[in-house]
Amino acid sequence: MRPKLLKHPAERAPQRQRGKFERVAEQASFLASSPPFFLLCFAAVLVWAIGLASGADDRFLTALSGTMTALTLALVALVKNADMRSELAIQRKLDAIASALLDDRRGESKADTESGLEEAIGLHDEI
């Protein structure tokens, strides 16, 4: 049995329940894909480049590059969590569609198939 921290992010919490970290990761993913965040990052890189070209103090440049590195590392972890959760939701939807197609081909009960598809459609919002 794997430790809880080594499980897929969607499998760590009980079914259909997201933890605080998952909600923060989703918000960070939204923030990282926004134009204002891009402008903020571009401005930080621009300040660093101007400081480097103008011969700014090494401590200033080191502090600025360290801050950018730490921010990048945190964002990578948060966005990767959101990405893995989204990937799992998409895979579960594809599995439900494939199962529904197979059931339809076999002529099996449509009630179970329809409820499985409805559950899969709402799954992405839950994960």
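This is a short tour of a predicted model, stop by stop.

**Stop 1: helix α2**

Select residues 20-32. This is helix α2, with 13 residues. How far apart are its end C-alpha atoms? They are 18 Å apart. At 1.5 Å a residue the helix should span 18 Å, so the two values agree.

Now pick out Glu22, Ala25 and Ala28. These are the buried residues of α2. Turn the view until you look down the helix axis. The buried residues fall within an arc of 120°, so they line one face of α2.

**Stop 2**

Move on to Ser34. This residue sits in the loop between α2 and α3, and α3 covers 35-53. Is Ser34 buried or exposed? Its relative accessibility is 19%. Buried means under 20%, so Ser34 counts as buried.

Show the side chain of Ser34 and the backbone of Leu31. The Ser34 side chain reaches the backbone oxygen of Leu31 at 2.7 Å.

**Stop 3: helix α4**

Select residues 58-106, which form helix α4. Zoom in on Lys80 and Asp83. Both lie in this helix, three residues apart, or about one turn.

What joins their side chains? Asp83 and Lys80 meet in a salt bridge, at 3.8 Å from N to O. How many salt bridges does a search of the whole structure find? The search finds one.

Asp83 is partly exposed, with a relative accessible area of 38%. Lys80 is also partly exposed, with a value of 43%.

Notes:
Residues are numbered from 1 along each chain as its sequence is written. This is a predicted model: local features need pLDDT of at least 70, side-chain atom pairs count only at pLDDT 80 or more; totals for chains, interfaces and linings use all residues. Side-chain values use heavy atoms; hydrogens and water are left out. Helices (H or I, at least four residues) and strands (E, at least two) are DSSP runs, numbered from the N terminus. The expected span of a helix is 1.5 Å times one less than its number of residues. Buried means under 20% relative accessible area, exposed over 50%, partly exposed in between (1.4 Å probe, protein chains only). The arc is that of the directions from the helix axis to the C-beta atoms. A salt bridge is a side-chain nitrogen of Lys or Arg within 4 Å of a carboxyl oxygen of Asp or Glu. A polar contact is a pair of N or O atoms within 3.5 Å; within protein, one must be able to donate a hydrogen and the other to accept it, and residues adjacent in sequence count only if both atoms are side-chain atoms.
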